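These are my notebook entries on a single chain.

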Amino acid sequence: MQRIIIVTLSLALAATAYAKPAGPLVQMDANGSVAEQIAQVQAAIEGDDYSEIGSKDKGLVKEALGRIATRMGNHQSVEDLSPPDRLEVFNDQQVVNTILTRARADSRMVCNRERMIGSNRHQNVCLTVAQRRAAQEDGRKALTDGQRTFPRDKGVAN
């Protein structure tokens, strides 16, 4: 129990934090070749910059890219499409951009210099934003569950 509290507090009260610089942002837009953008997105979702993208979100991105590729057909630019198809492509591009933006933010690596328990030495602890959030939630859950599991002393009057 104490170990969980200490780990949670050490994550929350880290002395120094720094983030690894991320690569360029991958997003789809109406400018440029759609085929190139699709290839960039497919490569990006398999890379480290988007490592925290879930399988459900990855599937949604792949489905949206498939719909975009189908609607584009032999056209090189979104401007060549009919207005209804253009609208559908823009909607799918927005889905892709939203998921990629969220996954990139969660995949950002943040390193903290933390003092290890029982030592004066510092150590770098690097976790993604999503891993830090999960550790914090797990610590909070363990703390509240630990408080609930201890029965009250029946002999003590309140």
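With which residue does lysine 141 form a salt bridge? I found its partner to be aspartate 145, with the closest N and O atoms 3.1 Å apart. By salt bridge I mean a side-chain nitrogen of Lys or Arg within 4 Å of a carboxyl oxygen of Asp or Glu.

Before going on, I record that this is a predicted model, in which local features need pLDDT of at least 70 and side-chain atom pairs count only at pLDDT 80 or more, while totals for chains, interfaces and linings use all residues. Residues are numbered from 1 along each chain as its sequence is written, and side-chain values use heavy atoms, with hydrogens and water left out.

**Entry 1: the pair in helix H5.** Lysine 141 and aspartate 145 are four residues apart in helix H5 (residues 129-149), so about one helical turn separates them. I take helices (H or I, at least four residues) and strands (E, at least two) as DSSP runs, numbered from the N terminus. Lysine 141 is exposed at 51% relative accessibility, whereas aspartate 145 is partly exposed at 28%. For these words, buried is under 20% relative accessible area, exposed is over 50%, and partly exposed lies in between (1.4 Å probe, protein chains only).

**Entry 2: other charged pairs.** I noted eight salt bridges in the structure. One of them joins lysine 58 to glutamate 46, with 3.7 Å between the closest N and O atoms. Lysine 58 belongs to helix H3 (residues 55-72) and glutamate 46 to the loop between helix H2 (34-45) and H3, so the pair ties together parts twelve residues apart in sequence. Lysine 58 is partly exposed at 22% relative accessibility; glutamate 46 is exposed at 51%.

I next examined arginine 67, whose side chain meets that of aspartate 92 in a salt bridge (2.8 Å, N to O). This pair links distant parts of the chain, since arginine 67 is in helix H3 and aspartate 92 is in helix H4 (residues 83-107), 25 residues apart. Arginine 67 is partly exposed at 35% relative accessibility, but aspartate 92 is buried at 6%. Salt bridges that share partners join Arg67, Arg71, Asp85, Glu88 and Asp92 into one network.

**Entry 3: the nonpolar core.** How many residues does the largest nonpolar core have? I recorded 20, and those with the most contacts inside the core are Met28, Val34, Val41, Val61, Leu65, Ile68 and Val96. H2, H3 and H4 are the elements that give two or more residues to this core. The term stands for a set of buried Ala, Val, Leu, Ile, Met, Phe, Trp, Tyr and Cys residues joined through side-chain atoms within 4.5 Å.

I then followed isoleucine 68. Leaving aside neighbours within four places in sequence, isoleucine 68 is in contact (heavy atoms within 4.5 Å) with Met28, Val34, Ile38, Val89, Asp92 and Gln93.

**Entry 4: asparagine 91.** Asparagine 91 lies in helix H4 and is partly exposed, with a relative accessible area of 41%. Its C-alpha atom is 9.0 Å from that of alanine 64, 27 residues away along the chain.

**Entry 5: the chain as a whole.** I listed five helices and three strands, which follow the pattern α-β-α-α-α-β-β-α along the sequence. Of the 158 residues, 24% count as buried. Among contacts between residues at least 6 apart in sequence, 59% join residues at least 24 apart.
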